[in-house]
Amino acid sequence: MASKVAGKICWKRVCGTRSFEIPRRKIGTSVAASGAASKTQLESLGRDKPFRTTMSIEVDPYLRHLFDADPALNVYNSSIVNLSVGAPGPDLLKQCNTLLATATRHRLEEEEKEGKYYLFQYGITSGLWECREELAKFLTRRYGDPVAREDLILTCGATHGLQLILTSVMAPDGVIFVDEVTYMIALDAFKQFPLKRVVSVPMKNDVVDLDELEKLVQAERHKSYTLNENKIFWAMYYTVPTFHNPTGMTLTPDMCKRVVKMSRDNAFAVVCDDVYNLLHYNNEYPPHRLFNYDDSQDPDYTGGNIISNGSFSKILSPALRVGWIECGPRVVNILKNSGILKSGGAVNHYVSGLVASLLHLKLEDRYLDSLIETYKGRMKALCDVLDEHLPNYCSYNHPEGGYFVWIKLPEDIDALPFMEWCKQVYKVMAIPGARFSNHGESKNCIRISIAFHSAETIAKAATIMCNAITEYMRVKNVKPNLNM
Ligand SMILES: Cc1ncc(COP(=O)(O)O)c(C=O)c1O
């Protein structure tokens with residue numbers, strides 16, 4: 001009986017928490033349950049020793065936002081200055097009330113005028129036409145590079161875009177190349193595809209080392225992968241090429257060209273997490289996005305290997321769950337014809353209507369201008385403090401945009417216990433580097449975010465953290481290596 005194979009299941013309720021023991025059942029439980037599998041069969045499936053996992057599941061506590069349940073991320077906890085999270089604070093989000101009220105009124109009046117109420121109907125699979133049209137114009141004026149409506153597919157944000165790409169155009173048993181440190185929740189998302197292999201690529205001075213990427217691609221490309229007319233890429237290189245998370249750095253134009261060439265020559269996709277591109281603090285326009293280098297006029301153009309995965313989360317509001325994939329015609333066609341998009345008829349048809357109005361009325365442009373001014377001030381406040389107070393045995397690169405600064409402590413210092421200590425003693429915290437690495441490397445690094453707190457709070461907290469580093473080294477009696 002299944003229950004015998006499954007073993008005892010016990011439920012405990014403790015202070016609103018349910019904990020229970022379950023055996024970890026891999027695929028094919030029914031074979032074991034029927035008693036039909038021999039010991040050898042079970043061994044070959046790796047199921048000869050059923051083992052137990054103890055889980056605790058909280059019973060729906062009253063939480064208000066994503067960071068509420070996790071003290072390491074809770075930016076709203078006023079007893080600590082938490083510099084961990086890449087999300088805007090209430091001082092910025094409050095403007096969304098007026099913006100959305102105006103956009104909603106405009107969109108509903110437009111629907112009333114037309115009298116067909118398509119906004120409440122199933123949409124088209126690539127996303128509301130008017131929204132893509134306004135988005136293409138908006139991106140063209142903000143990137144300073146042309147963006148075509150027909151290259152855009154609307155998504156529920158970059159996370160959803162990534163999921164769509166993983167499930168639609170990539171071999172189910174393919175390879176995902178990632179930078180040695182990268183957006184940590186993308187790493188979590190990749191773990192949900194156990195047949196795909198994640199391969200880390202070393203970095204040099206906070207950007208990918210392309211010689212190493214080339215070597216790894218050559219080592220992997222001739223293995224066997226499941227490809228067909230939809231699964232057209234045996235691998236993808238997932239990266240944040242502009243204002244990287246967590247390092248803050250950007251690929252140079254030469255590096256971009258080399259990545260494009262490598263992807264064409266070796267038939268893999270490059271999935272660019274382009275969520276920070278429009279938050280640039282130095283020049284009139286941001287650095288060209290990598291997609292811009294995959295020029296369809298090139299003689300070796302292969303229908304598009306670069307995919308730009310964009311989002312309104314960092315430039316408007318994370319709650320709207322609106323983003324876009326910008327890609328060449330062959331990927332557009334596969335996505336447009338995917339059952340998932342067809343069944344739902346666009347993923348967020350109504351909200352896309354509101355975004356179309358925000359863009360059309362130029363409300364988003366004005367809001368983005370104000371965000372850039374605010375974040376630029378916060379980035380300067382942080383870097384001014386680091387320039388003055390960061391001990392000379394630590395280092396960092398000054399980002400030109402985005403949310404993050406990546407600090408390197410001496411190689412032999414583990415930032416995890418340091419951060420715990422800093423939080424306890426000084427009430428300041430950020431995320432230790434190992435969280436961003438697939439193998440828990442970069443232990444000596446810390447990522448600081450400028451997204452949530454005011455410039456004054458960030459400057460104060462960063463000064464405290466710099467002094468805490470010196471104090472920690474003294475308390476732990478560590479002699480810094482000044483030759484690093
Ligand atoms: C690099 C990167 N990609 C994606 C996301 C999430 O984007 P979205 O809210 O559009 O899903 C984040 C948020 O922190 C991020 O830093």
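**A walk around strand S10**

Good morning; the protein I am showing has 16 helices and 18 strands, and please keep in mind throughout that this is a predicted model. Of its 484 residues, 38% count as buried. If we take the contacts between residues at least 6 apart in sequence, 72% of them join residues at least 24 apart.

I would like to begin with strand S10, which covers residues 233–239. How many of the residues of this strand are buried? Seven of the seven are, so S10 is largely enclosed by the rest of the structure.

Let me turn to the partners of this strand. With strand S6, residues 170–179, S10 pairs in the parallel sense, and the pairing extends over five bridges; if you want a place to look, find Ile 176, which stands opposite Met 236 in S10. Strand S11, residues 269–273, also runs parallel to S10, and four bridges join these two strands. Here the place to look is Thr 239, which stands opposite Cys 272 in S11. Between S10 and S11 the chain passes through helix H10, and this β-α-β crossover is right-handed.

That brings us to H10 itself, which spans residues 253–266, and to helix H9, residues 210–221, whose axis comes within 11 Å of the axis of H10 and crosses it at roughly 5°. Since angles under 35 degrees count as roughly parallel, that crossing makes H9 roughly parallel to H10. On the H9 side, the residues that meet H10 are Leu 210, Leu 213, Glu 214, Val 217 and Arg 221, while H10 contributes Met 255, Arg 258, Val 259, Met 262 and Asn 266.

Leaving aside the neighbours within four places in sequence, Asp 294 is in contact with Val 260, Gly 304, Asn 305, Ile 306 and Gly 328. One of these, Ile 306, lies 12 residues away from Asp 294 along the chain, yet the C-alpha atoms of the two are separated by 6.6 Å.

Technical notes. Residues are numbered from 1 along each chain as its sequence is written. This is a predicted model: local features need pLDDT of at least 70, side-chain atom pairs count only at pLDDT 80 or more; totals for chains, interfaces and linings use all residues. Axes are lines fitted to C-alpha atoms, for helices over the stretch in contact, and angles run from 0 to 180 degrees between N-to-C directions. Angles under 35 degrees count as roughly parallel, over 145 as roughly antiparallel, 65 to 115 as roughly perpendicular and the rest as oblique. Two residues are in contact if their C-beta atoms, placed from the backbone, lie within 7 Å. A residue is buried if 20 or more other C-beta atoms lie within 10 Å of its own, exposed if 12 or fewer, and partly exposed in between; C-beta atoms are placed from the backbone. Two strands pair if DSSP finds at least two bridges between them. A crossover is right-handed if, with the strands pointing away from the viewer, the path from the first strand over the helix to the second runs clockwise.
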